[in-house]
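The following exercises concern a single protein model. Work through each task with the sequence and coordinates at hand before reading its solution.

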Amino acid sequence: MAGPGSPWVCLDNGFDLKVRRSDGALRCGANAVATHRVRTTESVMAFDAINALLAKGGHHRLAWQRPLVKGVLADPVLEARVWEAALGKAHGARAIVTAHADSPLEAVAAVADLALGYFRCAEVQVVRPQVLALVNAYVRPHHYTVWQSLDDALSDAHAAVPATPGATRAPATPAAASPCPADAPRAAAAPPLTGVVVDVGATSTSVAVFVAGREVPSARRGVHVGGQTVAAALHMALKRRYPTHPMESHVVNAMKERACEVAACVAVKTDEHFIAPYTPAPEDVLYARAEKRKREAVAGGEPVKKARCGRHRRLVYSLPDHEGADCCGYVVPPEALAARRDDAGQFITVMDEVHAAAELFFHPCLAGLGRKKLQGGVVEAVVEAVAAAPPLYRAALWGNVVMAGGAAQTKGLKERLYAELRRAAPAAAPLVLRHPSPAHAAAAAADGGMCVANGRLQRALEHDGAGALGEALLPPAVTHQQWAKDQRDGKKGAARAFAKHVESMWAHR
């Protein structure tokens, strides 16, 4: 068994690999192996070498090989090479590794075999990244921005989750209650670790509901739109506008991160005519008119100006010239437009594309999905997930909606999501949306795993009088001794039995 002083390591095994050690060190990098072609020689790199080459603008010289396919481990050999570059010597450490809920049994067993056999970790636990993100929001609320309306903030009678662990609330003023049947379910006091996690990942967006740290399997929802989907939509739209400009993938991805923005005012028609892949009519689909062109004159004879909407946005993006320090281009500031160069077509004008691509989070039908039955977006997934949860905790779930994932940093996404959820949520239920700060968004799950490992979660739960929740939060770990004994005895292995146990916990919790 691992000693009490054994080091911990948490691996958030997503599109990018985030590694948090017990000493506080954080390492982030591409979860991939790349082949670097230099003339006639080839050198295989991983993690730090890939990041160093990307910083120098060597994207066109990389051939990517990713061991993960939409969160599912597909190649353990490639994963071992990535982990080796990221972990170094992790012998004797206790590991917490995240895995997708849809991962097959063999993939979970391969993760356990990789950590126990190849890296000789003392013990390993495989958990979902959503529960670790919820833990991080509970233990470290100062890493999150809270979006809440003034009416909800002043309504302590319906408040669901304290802002900080252990916080006490003032006695609420009793409100006039409407008559209801005697057998109607009443809202229960929200236990800690109760909320909805919206994980906006690279390839998809998943919504998970947790009550007292345990997931409700029937409330699991997902949307097949993520950061890479938005980047692909933006790439296709720019190719239509500028067919002669070479748009490399790393430039489009940087443009997505720097220029894409979710529009605040949007109205979407659901007619069959307007469902086309990335070519919607802006005036009818994406950026509806906020006001009519001509309105009645106000007092004084001055007509009311038309409200500016996202369709009027116009920005100029400078493509990289491979001479400057920025190898991905940049958005030209408005004050620098007059002095810009006009040579070699280095500047492109981007208008509706930056909003059209980001709109896929809320209307995936714009990508040509579901012509007969429109596929719902993130808002519909959250509403359906809360509706599938136990009725006693629905008000508490609306009071703790936590965003996670790197694509959650898309400009305007949190404001639009809060506005849409506020209209969809019941009027009596307060809505609280917690959005991670940019500095802590990428490593939210890894930080949550460290909170479990170093005992901060347990101390916070004991402070709130719910210490028993921390003991059953994670599945029991499988040790290296158990794995080695099963290997010597010729059995199927403790890793596979551990994977079956993890799968049963995800299915029956």
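**Exercise 1. Disulfides**

How many disulfides does the count come to by the rule that a disulfide is a pair of cysteine sulfur atoms within 2.5 Å?

Solution. The model is a predicted one, in which local features need pLDDT of at least 70, side-chain atom pairs count only at pLDDT 80 or more, and totals for chains, interfaces and linings use all residues. Residues are numbered from 1 along each chain as its sequence is written, and side-chain values use heavy atoms, with hydrogens and water left out.

Step 1. A disulfide is a covalent bond between the sulfur atoms of two cysteines.
Step 2. For C10, the closest cysteine sulfur belongs to C451 and lies 9.7 Å away, which is too far for a bond.
Step 3. The count by this rule is 0 disulfides.
Step 4. Buried means under 20% relative accessible area, exposed over 50%, and partly exposed in between, with a 1.4 Å probe and protein chains only. C10 counts as buried because its relative accessibility is 0%; C260, at 2%, also counts as buried.

**Exercise 2. The fold as a whole**

Determine the secondary structure content, the buried share and the contact range of the protein.

Solution. Step 1. There are 17 helices and 21 strands, taken as DSSP runs numbered from the N terminus (helices: H or I, at least four residues; strands: E, at least two).
Step 1. Of the 509 residues in the protein, 48% are buried.
Step 2. A contact means heavy atoms within 4.5 Å. Of the contacts between residues at least 6 apart in sequence, 70% join residues at least 24 apart.

**Exercise 3. Aromatic pairs**

Which residues do ring pairs link into a cluster?

Solution. Step 1. Rings of Phe, Tyr and Trp (its six-membered ring) pair if their centres lie within 6.5 Å; planes under 30 degrees apart count as stacked, over 60 as edge-to-face and the rest as tilted.
Step 1. The structure holds 2 aromatic pairs. In one of them, W83 and F119 are tilted, with 6.0 Å from centre to centre and 40° between the planes.
Step 2. W83 belongs to helix α2 (residues 76-87) and F119 to the loop between α3 (105-118) and β10 (123-127), so this pair ties together parts that are 36 residues apart in sequence.
Step 3. Y118 and F119 form an edge-to-face pair, because their ring centres are 4.9 Å apart and their planes stand at 70°.
Step 4. The cluster linked by ring pairs therefore consists of W83, Y118 and F119. Y118 is partly exposed at 45% relative accessibility, whereas F119 is buried at 4%.

**Exercise 4. The loop residue N31**

Where is the place of N31, and which residues is N31 in contact with?

Solution. Step 1. N31 is in the loop between β3 (26-30) and β4 (33-38).
Step 1. Its 1% relative accessibility counts as buried.
Step 2. Neighbours within four places in sequence aside, the contacts of N31 include N13, G14, F15, D16, R66 and E79.

How values were computed:
Disulfide = S-S within 2.5 Å.
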